[in-house]
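Please read them with the structure open.

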Amino acid sequence: MKHLLSIEQLSREEIEAILDRAESFAEVGRRDIKKVPTLRGRTVVSLFYESSTRTSSSFDLAAKRLSADLVSVKAAGSSVEKGESLKDTIATLSAYDPAAIVIRHPHAGAAQMVAGWTPAAVVNAGDGKHEHPSQALLDVYTLRRRLGSLEGIRIWIVGDVLHSRVARSNLIAFARMGAEVTLCGPPTLIPRGIEELGCDVSYSLDGVEEAEVVYALRMQKERMSESFVPSLREYAANFQIDSRRLNPRQLLMHPGPVNRGVELSGEAIDSPQSLIGEQVAAGLVVRMAILYELLAGGEGGATADQGEGNRPTPIGTPA
Amino acid sequence: MSLTDALDVRAGENAHLVLRRATVLDPVANISAIHDVVIHDGKIAELASPGEADADGAEVVEAEGLHAFPAFFDPHVHLRTPGHEHKEDVETGTRAAAAGGYCGILAMANTQPPVSTAADISALREQARAGASVPVGFLATVTKGMQGEELTEMVELREAGAVGFSDDGLPIVDAGVMRRALQYQHLCGGNIALHEEDPRLSRDGAMNEGPVSAALGVAGIPSVSESTMVARDAGLAGYERARIHVQHLSAAESVEAVRTAKAAGVQISAEASPHHLCLTDEVVRSLDPHRFKMNPPLREERDRQALIEGLRDGTVECIATDHAPHQPEEKDVPFEQAAMGVTGLETAFAALHTELVLPGTIDLALLVERMGGGAEPFDLERPTLAPGSEANVVLCDLGAEWTVGEDGYESRSANSWCAGRTLTGRVLVTVAAGQVAFRLRSFSLGVAA
């Protein structure tokens, strides 16, 4: 695997390999010294054209835990504001010979184009409303830890599917891991033809009680002004996941940031069924695993001075 | 009107050519036989029996196994001048047309500034007389500055030589303005060519709305954004007994709307582009903005089939390239941000021959007929090989394979939807308005007798 551009590109085996790697990093995370020397001397650029808390901080921390040199560039305050094109920005950053470029961009296909412009490995940290593969991987990781396997698990993804890259990547990832996915939301927010990706579509929460997992999406407030929904009140009345709609056997997930009281009620977020905190924690180890797989794993990535083969070695441990 | 009466071209030497033993196909004049095509002083002098024409000082082209058709006519080209000459101009655009086998093109008015005054038309016509390889006509905008609000001085524009009117690139959203333009047409004449799209349905869409856009997370342009406007304007044209030409049909529902209007007696004509006839939105999965980002967008297989059926039954009377050159910096950006449009003049015939004729989807004769069908909707005589006509001839090698872009382009821009494709069928010589407008460099012409 040279780049991580989409979930679409990954086979089930490749997904499992990344998750297995993430498990080993989780073990490292429980040690006193949480850093491994794997990427020592190599450079990771993180380039964010959109605001982000979880994704950017966890990729940054993942690179640091792997001992890479990290350059974080935010579009705000950079030459992007002076009108530099994406292509030229990538050429500039590539001059530092980074091993990887992690990119978040507001438009579909941006990461794929970047991969054509740089010799570095490219990680898609979200491209428009297209894909968000690292989010899907951390969600599958979280569920796999809880449930052992996703085979035959029924998952409902609820909310603004139309504007959600998380919905698209997760739908593909969940289905590839054997889950049965239903997309649920008002008809104005379900893209026409999405069922051809291999999922069911429901315009109401009737039947959600059958699901083992309910995955709520963020509902952005500006959607009202564009007539996608008449009001957040009406949206919440029909689609909010609250303790009344969530039964005690079900697991609740959300990619964050949450609009409390809109797509999720406060007590649902804070309930023991909520995996939201685990998702955030999983983000770090899964993103370490992604960087590792691209830069040190697989064929010929690891070298002798980076530890023994594919097993991460903590700093200070005799090799 | 003949092409040279209504359009402008650089003056040059009249051709003296004999195309020896060419396979002549002219579906309009109903000619399909092997002839020596004798072009004398810029006119088709004779279709002689094979091998029997007297060269009489003319250049002789050994054309055995090659096809001679009436040269093509494209009613929808963006020459980008004035204002965007870094993309194309009259000289490069008409060279591209000549290389594609065209003997006439119509240039759209969505330039910078838009072509909205008689002075704009006069200046462009002068440029064409100075540097156009093939006859070119200019449309003027329907509304001032393409604002969709006030009509241009359509009478004066016609007197200055505007072949017709179009706000192409943008729809005329206000039905009241559209109606006034149609009423006014009874005074000024000239067909009105329409880019049919309801921006309130297209919104920020960048591709066809359907399963592919759903999978990509790219905002979709629904087919009804086009078809509801076609139906609206067909209704208005029928009511006002006016005449419209619908540009670049893309959706099955639009083809049906045109068919219904024609059956009801509305004066409506329609065009389809080679890329809509050959491709579907499946190729957009690549998110390649250079080749596959255009408006209207590539649609689904059912739409493509409807367009082909429209070509067959005459609902769509002509093929128009919507040749839309752009420079790399406008295309080397993520798909949703990229400029709309692809070039098409140099590849239209070869692409359609490869994708539709060779697999047996349509006949060669139908393709040749529709490649010339764009003249009549604008009151121009369609090119023909009938003896006595002005020589507008394209000589093709239908067996020649070539890879698009390998030898560069005549166009100033490289955003061809065919870039990298291997096509079968190549234009060797184009005679336009009686002059040799193009000859393929690698094709050696016979020695003058």
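Predicted model: local features only at pLDDT ≥ 70, side-chain atom pairs only at ≥ 80, totals over all residues.

**Notes on the two chains**

1. Contact here means that the C-beta atoms of two residues, placed from the backbone, lie within 7 Å. Axes are lines fitted to C-alpha atoms, for helices over the stretch in contact, and angles run from 0 to 180 degrees between N-to-C directions. Helices (H or I, at least four residues) and strands (E, at least two) are DSSP runs, numbered from the N terminus.

2. Residues are numbered from 1 along each chain as its sequence is written, and chains are lettered from A and ligands numbered from 1 in the order in which they are written.

3. Two strands pair if DSSP finds at least two bridges between them. Strand 1 (residues 43–48) of chain A is joined to strand 2 of chain A by six bridges, and the two run parallel. Within this pair, A:Leu47 stands opposite A:Val73 in strand 2 of chain A.

4. Where does A:Ser51 sit? A:Ser51 is in the loop between strand 1 and helix 2 of chain A. A:Ser51 counts as exposed because it has 10 C-beta neighbours inside 10 Å. The cut-offs are 20 or more other C-beta atoms within 10 Å for buried, 12 or fewer for exposed, and partly exposed in between, with C-beta atoms placed from the backbone. From C-alpha to C-alpha, A:Ser51 and A:Arg104 are 8.8 Å apart in space, and 53 residues apart in sequence.

5. Chain A as a whole has nine helices and nine strands. Its radius of gyration is 20 Å, close to the 20 Å that the globule rule gives for 319 residues, so chain A is as compact as a globular protein of that length. The radius is taken over C-alpha atoms, and the rule is 2.2 Å times the number of residues to the power 0.38. Of the 319 residues in chain A, 47% are buried.

6. Chain B has 15 helices and 18 strands. Buried residues make up 62% of the 449 residues of chain B.

7. Chain B holds an open sheet of eight strands in the order 6-7-8-9-10-13-14-15, with parallel pairing. Strand 6 and strand 15 of chain B are its edge strands, each pairing on one side only. Four bridges link strand 6 of chain B to strand 7 (residues 102–107) of chain B, and B:Val77 has B:Ala107 as its bridge partner in strand 7 of chain B.

8. Helix 14 (residues 348–357) and helix 15 (residues 364–371) of chain B pack at an angle of about 145 degrees, with axes 10 Å apart. Residues making the contact include B:Phe349 and B:Leu352 of helix 14 of chain B and B:Leu364 and B:Leu367 of helix 15 of chain B. The buried residues of helix 15 of chain B, among them B:Leu367 and B:Met371, pack against elements including strand 6, strand 15 and helix 14 of chain B.

9. How many residues does each chain give to the contact between chains? Chain A gives 21 residues and chain B gives 17 residues. Helix 4 (110–117) of chain A is one of the helices that each supply at least two residues to the side touching chain B, and it gives the most, with three residues.
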